Amino acid sequence: MQFLHILAGIRISHSRSFCRRSEEIRMPRSVLHNAILLDPERPDFSMTPSAISIRNGRIERVGALNTDASAIPESAKETCMERLLELREREQKDGRDRAKESQKSVGSEKVEWTDLQGGYLAPGFLDLHDHGGLVFAAAKDLAASLHASCAHLVQEGVTAFLPTTVTSSQARLEEIFEALVPVLESNASERKPSSHVVHNGNLAVPLGLHLEGPWIHAACAGAQPKAAIRNYDAAQGEAIFSRFGNWIRMVTLAPEVKGAELLLETLAERGILAALGHSQASAKQAEAAIELGARHVTHLFNAMKPLHHRDPGLLGVALSDDRLSCDLICDGVHLDSRVVRLAALVKRERLVLITDRIEVPKMRDPNLAREGEGFGAVHDDGTALRLSDGRLAGSSLSMNRAFRNAQSFGALSLLEAVAACTLRPARVLGIEAERGTFREGARADFVVLDAEGEVLQTWIAGKQVFRRTGKTK
Ligand SMILES: [Zn+2]
């Protein structure tokens, strides 16, 4: 019944808007088929060989192509999808080898068929916390650094992410915004749900900035530069939000810092996600922040007080309050695998995987000292990034690795891990109709995985932007 309903739906959307978009953009229609679907919203439908049709960079329909053609009602026979189905079945009968991509036309319409050869198809990964090269890049290199991250991330299955700043002086923050806003602007159409314009690059999409600090607690700084940690000052804050607020999607803050109430109100007014983290907050302070709109917790367990059974603090509230979603760093270093399992049991569909990835330049130029303000030398010990005193300083994790770790730790099932990297972070940002989903009309951003969970292909707006050629380790 669902299948028939989907077919009926296509006709409506096709006549209303897709044709007009087609004229505007002239993108070929494409069908990905022979994929094992990993749909975080329809577990019952997942794991079946499926096909997905794409028009103008958006999902038009998802269905099982092997459905008996006699099940298609007369009323749906004239739709494009029906003709595609017929074509597909004819070709199957002809026994043609469709292992390779080919072009076929249906009527006057060009259709590109791609056989995913039984690969797992999931929505593209979405990372809420990626510092990339922003921590150490000089001002003149910031835009290039973001661009490099966008190019790099598609290899790890990431199709959208939040470039994340660390605690920095006001001058450095403004320098970062000034350098990055033009890059974000060039992706602006990608941020608007109503946009008809498809992505025109081969890059992961930066959805807006995540500010991690500077309004955090120095006692829970982690590797955040202590010298730049400060209370929320309305004038300084306004200087940022009035100029750059449209480009900020998320702020991680400690609710106990002076001025945090005003900050939370400002974020709520502007529709920016308030996340709690790097904090010593008491349970009462955390709950007061929730009342003011905080809805998320950044890297659960890290940079916050441990749980005390009579003084639960932020961590106790994070674990016990369903209004809060929580993300965590699943690299096996920041958290013990048992703790990841505990978090998964407690937070269920509100647990999100992030990377907190930091790229460290191989040879640190001494001139970069100012830009890496207070961050000091960071080295990769092979498992994570550390400061010279051994403190953890961000991860060298990828979303793909986090996805696999969560399963190998016994914390998440395959479909739960897909959700934690796709649908759940999209929900945190309120963009789950657009991303992290196989819903009709959503962006056709996908990752194709092999049985081990390695990324084989990445697709953005219905276009293949990455394909693995050699075997990775
Ligand atoms: Zn971070």
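Asp-356 is buried, because 30 other C-beta atoms lie within 10 Å of its own and 20 or more are enough to count as buried. Asp-356 sits in the loop between S15 and strand S16 (357–358). Its phi is near 55°, a positive value in a residue other than glycine. The model in which this is seen is a predicted one.

Arg-348 is exposed, because 11 other C-beta atoms lie within 10 Å and the limit for an exposed residue is 12 or fewer.

Now take the chain as a whole. The protein chain contains 13 helices and 21 strands. Of its 473 residues, 48% count as buried. Among contacts in the protein chain with a separation of 6 or more, 70% are between residues 24 or more positions apart.

In soluble globular proteins, nonpolar side chains tend to be buried together. Leu-328 gives an example of the contacts involved: leaving out residues up to four places away in sequence, Leu-328 touches His-299, Leu-300, Phe-301, Leu-335, Val-340, Ala-343 and Leu-353.

In helix H11 (399–408), the buried residues are Met-399, Asn-400, Ala-402, Phe-403, Asn-405 and Ala-406. An α-helix has 3.6 residues a turn, so residues three or four places apart point the same way. The buried residues of H11 pack against S7, strand S8 (158–165), helix H10 (337–347), S15, H12 and strand S20 (455–460). After H11 comes Gly-410, with a positive phi near 75°. Helix H12 spans residues 414–421, and Ala-417, Val-418, Ala-419, Ala-420 and Cys-421 are buried in it. The buried residues of H12 pack against H11 in turn, and also against strand S6 (120–123), strand S7 (125–132), strand S15 (351–354) and helix H13 (423–429).

Strand S6 leads on to an antiparallel arrangement. S6 and S19 run antiparallel and are joined by four bridges, with Tyr-120 opposite Leu-449 in S19. In strand S19 (residues 446–449), Phe-446 and Val-448 point one way while Val-447 and Leu-449 point the other way, and all are buried. S19 also pairs with S20, again in the antiparallel sense over four bridges. Here Phe-446 stands opposite Trp-459 in S20. S19 and S20 form a hairpin with five residues between them, and Gly-453 in the turn has a positive phi of about 90°.

Strand S11 (residues 248–253) is mostly covered, with six of its six residues buried. Strand S10 (residues 209–212) pairs with S11 in the parallel sense over four bridges, and Glu-212 has Thr-252 as its bridge partner in S11. From S10 the chain crosses through helix H6 (residues 234–244) to S11, a β-α-β crossover that is right-handed. The loop between S10 and H6 holds Pro-214. Gly-213 and Pro-214 are joined by a cis peptide bond, with omega about 10°.

S11 also pairs with strand S12 (residues 273–276), in the parallel sense over four bridges. Thr-252 stands opposite Ala-275 in S12. The chain passes from S11 through helix H7 (residues 260–270) to S12, and this β-α-β crossover is right-handed.

The last stop is Gly-63, which lies in strand S3 (residues 58–63). Gly-63 is buried, because 21 other C-beta atoms lie within 10 Å and the cut-off is 20 or more. Gly-63 and Phe-45 are 18 residues apart along the chain, and their C-alpha atoms are separated by 9.2 Å.

Definitions and conventions: Residues are numbered from 1 along each chain as its sequence is written. This is a predicted model: local features need pLDDT of at least 70, side-chain atom pairs count only at pLDDT 80 or more; totals for chains, interfaces and linings use all residues. Two residues are in contact if their C-beta atoms, placed from the backbone, lie within 7 Å. Helices (H or I, at least four residues) and strands (E, at least two) are DSSP runs, numbered from the N terminus. Two strands pair if DSSP finds at least two bridges between them. A crossover is right-handed if, with the strands pointing away from the viewer, the path from the first strand over the helix to the second runs clockwise.
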